[in-house]
Amino acid sequence: MPISPPRIGLFVTCLVDLFRPTVGFAAIKLLEEAGCVVEVPTQTCCGQPAYNSGDRATARSLAQQVIAAFEPLDYVVAPSGSCAGMIKQHYPPLFSNDPGWRARAERLSAKTFELTSFLTDVLGVEQVNASHPGTVTYHDSCSGLRELGIKTQPRRLLGTVEGVELREMEESEVCCGFGGTFCIKYPELSNRMVSDKAGHILATGADTVLAGDLGCLLNMAGKLQRDGATVQVRHVAEVLAGLTEVPAIGESEGDG
Amino acid sequence: MQVTTQAFQRNAGAALHNPALQKALKNIKIGFVRKRAAAVAKLPEFEALREAGRELKNHVLDHLDFYLEQFETKVIESGGQVHWAQDAAEANQIVLEICQSVNARRVTKGKSMISEEIGLNDFLEAHGIRPVETDLGEYIIQLRHEHPSHIIAPAVHLNREQVADAFQAHHAPYGFTERREEPRALMDEARQVLRQQFLQAEVGITGANFCIAETGTTVIVTNEGNGDLTQILPKVHIALASIEKVVPTFEDVSLLLRLLARSATGQELSVYTTFSTGPRRAEDADGPEQFHVVLLDNGRSGMLGGEFQDMLRCIRCAACLNHCPVYGAIGGHAYGWVYPGPMGSVLTPQLIGIEVAGPLPNASTFCGRCEDVCPVHIPLPKMMRHWREQEFARHLIPMTTRFGLGLWAFVARNPKLYRLATNLGSWLLRRLAGGKGRIRSLPLARGWTAWRDLPVPQGRTFQQQWATRRENQS
């Protein structure tokens, strides 16, 4: 750890920016409480939709935009395993034919982290200052789990939230069916996958389901609510930061 | 077989609404996923074996010509013959000519996906030769005029009642007039019918899980023993193998066998592992008079040195199918050709063309579970993405998708414009929700709202709120 507080570039992610700003503010709160200085560089999207649609040229140009904006900072932190995984695992090979950009991509990759991983693995945070009485279950988002090895980090931190009881669901490591453009290209398949996921969530009897990626959360919330389930859906950062006064995903003050 | 890869979307929809199939697919979790996990947990060096397996296969692929020639030499030395087939048509013709040379009317067959790939059964039948599948699952689907829906469990899409129906419809000529449903009784019935076939066949055709270069040996793994009878009883044994099945030594095969059975069925070793080296020798108690190996390329050599070379490491364990949530939801037939699941989504476009197989590499969330369980670390999602890149580059994706992507890319490259667009989008979605937290129906997002509510933005975008906060601070 440097003597002066580390300067973090928050990669907000496009879904958090548009759908769930609370997650961004929760990330800032957690990082600041851990002694970081947080900045929000100019940003749009990490480029994953283009990358996974086979449009490497667009993916590269968006990656260059992110690299240029974030490379002056000490770290890049995203409240998403998917976007952090994109920067960390997929940016360098995008520039396999361009040594200059490849080196810059690799330097950025080395200092990019998913939020709960950054808090625990890099900053060594062992405890958060929050309370959330109730039972929660945790869905392991695919990219976070399999590209970045995020499994214990959010659970360790959740374990220090006052009043939380974690009840693991069956198949917490199986995809929820979101898959970015997959849920639009193959809606019926996606629906089947998220139906199975909703079943596993409800079987735990937990009152809240948490995850670290907004794509999965929007998908699970949309399905649970369509089926009339009352289980609340939140990003794990909201609970860790104690920002659970706001209505859960897909709910509003008026819903009652 | 008829290719229906382009109808993937429709096939998948039908599969989701097929109750018998859905019931059968539930068995995969119990039969394969849990057993694999238990077997892997019992072997501390499993990860090390995976690394070694990857390195071994990479080494072979880097020296494929050398090992194939060594294999051929050794087969000939042991009295067998090797036939090289560039494509499916050549392979079929080779097999037909061998069959005709001994006036074969009936051939028994062990399970072989290469045989499916080249469409051998239809070809033989068209030339008056009756192929009889002897793997129980293959036998059942042959009676039903179906193709395998899984590369190691060809009839996994069927339940017991459907098997009983098939036997009842076909086994009366063999003296079985009573319907049986109990698994053991069904198996006995099949065994008795097949025993007659084994004794009458002039040629036995098997696949090969491995071809050992140092000895010219082919290896098959089965759990039923049907492969042994197929290759020992008839006068002629033909082993069909694709070129990447060659491995240098017995030692190497033992490594891959340890990976294969655990990854496939959670067994430490399959019940039968059968090694065949040459035809029957004078001192042998039994065995075929002729031993032929047909080595099939069919596009594989074109994968060497390119972005799909890693796919040639595949040892056909089916772990990627068993762990794929898409395969688990729809089964194998929906994929529309021989190889289903993640390995098929990479291999099929290579074998029949991305123009027709385009939907397959797109039918993935890139959840990564396939790569996670692959015994030889094949980066399946990465290669599916490579296919999507080819589709994009060759303008094989729908114009609307391309236009949408282009528009989004233009906006995402201009942060100020992007900000405007998201501000507007946030405002619009909240208006449409009318104070509620979600929308039940949105015509432009029908794929989403047909099945799910769409949560709407909480309020102004993060960037708007952040800007306000910064202004208040300064």
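R316(B) is buried in this predicted model, with a relative accessible area of 10%; buried here means under 20% relative accessible area, exposed over 50% and partly exposed in between, with a 1.4 Å probe and protein chains only. Its phi is near 60 degrees, a positive value in a residue other than glycine. R316(B) is found in the loop between β10 and α13 of chain B, where helices (H or I, at least four residues) and strands (E, at least two) are DSSP runs numbered from the N terminus. N298(B) lies in the loop between β10 and α13 (319-323) of chain B too. N298(B) has a positive phi of about 50 degrees although it is not a glycine, and this residue is buried, at a relative accessible area of 16%.

A word on how things were counted. Residues are numbered from 1 along each chain as its sequence is written, while chains are lettered from A and ligands numbered from 1 in the order in which they are written. As the model is predicted, local features need pLDDT of at least 70 and side-chain atom pairs count only at pLDDT 80 or more, while totals for chains, interfaces and linings use all residues, and side-chain values use heavy atoms, with hydrogens and water left out.

Now to the strands of chain B. Six of them make up an open sheet, in the order β1-β10-β7-β4-β2-β3, with parallel pairing; two strands count as paired if DSSP finds at least two bridges between them. At the edges sit β1 (81-85) and β3 (130-133) of chain B, each pairing on one side only. From one strand to the next the twist averages 25 degrees, with axes taken as lines fitted to C-alpha atoms (for helices over the stretch in contact) and angles running from 0 to 180 degrees between N-to-C directions. Five bridges link β1(B) to β10 (residues 290-296) of chain B in the parallel sense, and Q81(B) stands opposite H292(B) in β10(B).

Chain A has parallel strands as well. Here β1(A) is joined by three bridges to β3 (residues 75-78) of chain A, with L10(A) partnered by V77(A). Another three bridges run from β3(A) to β4 (residues 112-114) of chain A, again in parallel, and there V77(A) has F113(A) as its bridge partner.

Chain A is split into domain 1 (7-121) and domain 2 (126-255), with bounds from an automatic or database domain assignment. The C-alpha centres of the two domains lie 22 Å apart. In contact (heavy atoms within 4.5 Å) are 28 residues of domain 1 and 29 residues of domain 2. Together the domains bury about 2200 Å², 66% of it on carbon and sulfur atoms; buried area is the accessible area (1.4 Å probe) that two parts lose on being put together, summed over both.

Between the chains, 64 residues from chain B meet 67 residues from chain A. About 5700 Å² is buried there, with 59% coming from carbon and sulfur atoms. On the chain B side, W451(B), Q458(B) and F462(B) lose the most area to chain A, together 14% of what that side buries. F462(B) also belongs to the buried set of α23(B), along with Q463(B), Q464(B) and W466(B). These buried residues pack against β1 (7-10), α1 (14-19), α2 (21-33) and β2 (37-39) of chain A, together with α21 (415-433) of chain B. Helix α23 (residues 462-473) of chain B itself has twelve residues and reaches 16 Å from its first C-alpha to its last, close to the 16 Å expected at 1.5 Å a residue, the expected span being 1.5 Å times one less than the number of residues.
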